[in-house]
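Trainee: I have a new model on the screen. Please show me how to read it, one feature at a time.

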Amino acid sequence: MQLSFFHTDPAEQRFVQISEAAMTDTPGPAAAISPRVYDWLSRIAGVGDAHWQLVAQAAVGAGATVLEVGVGTGNVLLKVKRAVPAAIAIGLDASTASLATAARKAARAGVELQLDHCDAGHLPYPDATFDRVLSSFVLHHIPDDQQIAALGEIRRVLKPDGSLHLLDFAAGPQPKSRILAMLPGRRHHHGPQRPDLVELMVQAGLTEPARISEGASRLGRHAYYRASR
């Protein structure tokens with residue numbers, strides 16, 4: 001069941017939906033930092049350009065159904081709607097506080113989002129639902145023994161011609177980041193021992209997995225990945 005909250009301009013009759021499950025929160029890393037602080041740190045880290053590059057890589061078409069796994073405060077999904085207003089945009093997160101912030105942002109922007117409260121390992125969507133799945137700086141928060149299952153769930157909900165577009169920390173040595181040091185209770189698994197994301201995608205059954213490019217922000221080095229259903 002979907003409940004409508006945070007209505008925008010009544011003349012446009014647009015609204016944001018938050019799943020009924022969002023009445024209760026899920027403990028874990030997503031709840032360890034306030035959404036306001038998260039957005040402030042994202043701004044000073046300069047990750048906005050990285051988000052735009054991820055959206056451009058996804059090449060979302062008009063009318064496409066897009067899922068963001070780990071939508072957080074909505075920064076990436078709102079960019080999708082700004083770039084492709086006709087896209088159907090759905091985001092999920094384990095933090096109700098982040099979802100509420102994303103909903104308020106969408107209301108101010110006058111766009112419609114569906115925001116669902118759940119975790120990446122148990123996606124509440126039918127098989128073959130989405131044209132695109134996006135995820136930004138989320139996979140490294142998931143314990144190693146659960147990452148393949150999460151990627152398998154993404155594969156399940158992708159349409160046969162759908163694709164995954166992922167942004168996360170690059171493997172290998174990383175410069176020290178004062179911004180990451182300001183995130184108590186967060187799990188930042190990156191560096192030389194980081195699992196090979198391309199190999200994880202293969203193990204999850206995704207096809208044509210590839211590391212597309214790299215970039216950097218004040219958080220450190222990051223990489224862009226792509227895979228097909």
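Mentor: Start with helix 3, where N75, V76, L77, L78, K79, V80 and K81 are buried. Buried means under 20% relative accessible area, exposed over 50%, and partly exposed in between, with a 1.4 Å probe and protein chains only. Helices (H or I, at least four residues) and strands (E, at least two) are DSSP runs, numbered from the N terminus.

Trainee: What should I know about the model before going on?

Mentor: This is a predicted model: local features need pLDDT of at least 70, side-chain atom pairs count only at pLDDT 80 or more, and totals for chains, interfaces and linings use all residues. Residues are numbered from 1 along each chain as its sequence is written, and side-chain values use heavy atoms, with hydrogens and water left out.

Trainee: How many residues of helix 3 are buried, and what covers them?

Mentor: 7 of the 9 residues of helix 3 are buried, so this helix is largely enclosed by the rest of the structure. The cover includes helix 1 (35-45), helix 2, strand 3, strand 4, helix 4 and strand 6. Cover is read from contacts, meaning heavy atoms within 4.5 Å.

Trainee: Which strands pair with strand 3?

Mentor: Two strands pair if DSSP finds at least two bridges between them. Strand 3 pairs with strand 4 (residues 88-93) in the parallel sense over 5 bridges. There, T65 stands opposite I88. Strand 3 also runs parallel to strand 6 (residues 130-136), joined by 3 bridges. In that pair, L67 stands opposite V133.

Trainee: How do I read the two faces of a strand?

Mentor: In a regular strand the side chains alternate between the two faces of the sheet. In strand 3, T65, L67 and V69 lie on one side, V66 and E68 on the other, and all are buried. With 5 of its 5 residues (65-69) buried, strand 3 is largely enclosed by the rest of the structure.

Trainee: Which residues of helix 5 are buried?

Mentor: In helix 5 (residues 144-157), they are Q147, A150, L151, E153, I154 and V157. They cover an arc of only 155° around the axis, which puts them on the same side of helix 5. The arc is that of the directions from the helix axis to the C-beta atoms. Their cover includes strand 3, strand 6, strand 7 (158-169) and helix 7 (197-203).

Trainee: How do I find the nonpolar cores?

Mentor: A nonpolar core is a set of buried Ala, Val, Leu, Ile, Met, Phe, Trp, Tyr and Cys residues joined through side-chain atoms within 4.5 Å. The largest has 30 residues, of which V60, V66, V80, L113, L115 and L134 touch the most other members. Helix 2 (48-58), helix 3, helix 4 (96-109) and strand 7 each give it two or more residues. Apart from it lies another core, of 28 residues, among them V69, L123, L151 and L200.

Trainee: In which sense does strand 9 pair with strand 7 and strand 8?

Mentor: Strand 7 and strand 9 pair in the antiparallel sense over 7 bridges, with L166 opposite Y225. Strand 8 (residues 207-217) and strand 9 also run antiparallel, joined by 8 bridges. T207 has S228 of strand 9 as its bridge partner. Strands 8 and 9 form a hairpin with 2 residues between them. Strand 9 (residues 220-228) is mostly covered, with 7 of its 9 residues buried.

Trainee: What about loops? Is Y125 buried or exposed?

Mentor: Y125 sits in the loop between strand 5 (114-117) and strand 6. At 8% relative accessibility, Y125 counts as buried. Beyond its neighbours within four places in sequence, Y125 contacts L67, I90, L92, Q114, D116, F130, R156 and V157.

Trainee: Where is F137, and what is its phi?

Mentor: F137 lies in the loop between strand 6 and helix 5. Its phi is positive, about 50°, although F137 is not a glycine. F137 is buried, with a relative accessible area of 10%.
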